[in-house]
Amino acid sequence: MKKLHIALSTEDIAASVADYSARLGCRPELVVEGIYALWRTDQLNLSIRRADGVPPGQLRHLGWEDDAAKAFTAEVDVNGITWERFAAHHQADEINQIWPETNYRVESGAEE
């Protein structure tokens with residue numbers, strides 16, 4: 001299964017979590033207070049992050065969460081947008097490398 005991945009920059013994680021949770025109808029699967037949040041719905045993988053060098057409200061990158069991905073990859077399209085491709089466990093590995101205290105695991109029912 002493929003899910004569209006959208007990564008946005010934000011200045012206010014708490015306000016963004018409240019807003020996007022209302023828009024998506026669910027709470028994030030993971031929140032790193034003041035820094036990062038991740039929602040994984042049936043159709044969408046959305047992350048928000050305070051990102052140096054990327055103004056709040058701007059796109060950080062796009063991509064696909066793809067069960068068939070054997071490794072994390074990234075490429076830049078004709079418009080200069082980075083597109084990532086990864087399986088859910090690749091994203092969990094990246095999160096745990098950046099924020100090991102989260103001990104983030106993909107929820108049951110997802111591929112490993």
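Which backbone oxygen lies 2.9 Å from a polar atom of the side chain of Lys 3? It is that of Thr 41, and we can count this as a polar contact, that is, a pair of N or O atoms within 3.5 Å in which, within protein, one must be able to donate a hydrogen and the other to accept it, residues adjacent in sequence counting only if both atoms are side-chain atoms.

Before going on, please keep in mind that this is a predicted model, in which local features need pLDDT of at least 70 and side-chain atom pairs count only at pLDDT 80 or more, while totals for chains, interfaces and linings use all residues. Residues are numbered from 1 along each chain as its sequence is written, and side-chain values use heavy atoms, with hydrogens and water left out.

Lys 3 lies in strand 1, residues 2–9, where strands (E, at least two residues) and helices (H or I, at least four) are DSSP runs numbered from the N terminus. Lys 3 is buried, with a relative accessible area of 8%; buried means under 20%, exposed over 50%, and partly exposed in between, using a 1.4 Å probe and protein chains only. Leaving aside neighbours within four places in sequence, Lys 3 is in contact (heavy atoms within 4.5 Å) with residues including Arg 40, Asp 42 and Trp 64.

Turning to the sheet, seven strands form an open arrangement in the order 2-3-4-1-5-7-6, with mixed pairing, two strands being paired if DSSP finds at least two bridges between them. Strand 2 (30–32) and strand 6 (73–76) are the edges, each pairing on one side only. Strand 6 runs antiparallel to its partner, strand 7 (residues 82–86), over four bridges, and Ala 74 stands opposite Glu 84 in strand 7.

Helix 1 (residues 13–24) packs on the sheet, touching strands 1, 2, 3 and 4, and its direction makes about 165° with that of strand 4; the axes here are lines fitted to C-alpha atoms, for helices over the stretch in contact, and angles run from 0 to 180 degrees between N-to-C directions.

Finally, the largest nonpolar core has ten residues, among them Leu 30, Tyr 36, Ala 92 and Trp 99, such a core being a set of buried Ala, Val, Leu, Ile, Met, Phe, Trp, Tyr and Cys residues joined through side-chain atoms within 4.5 Å. Helix 2 gives the most to this core, with three residues. Apart from its neighbours within four places in sequence, Ala 92 is in contact with Tyr 104 and Val 106.
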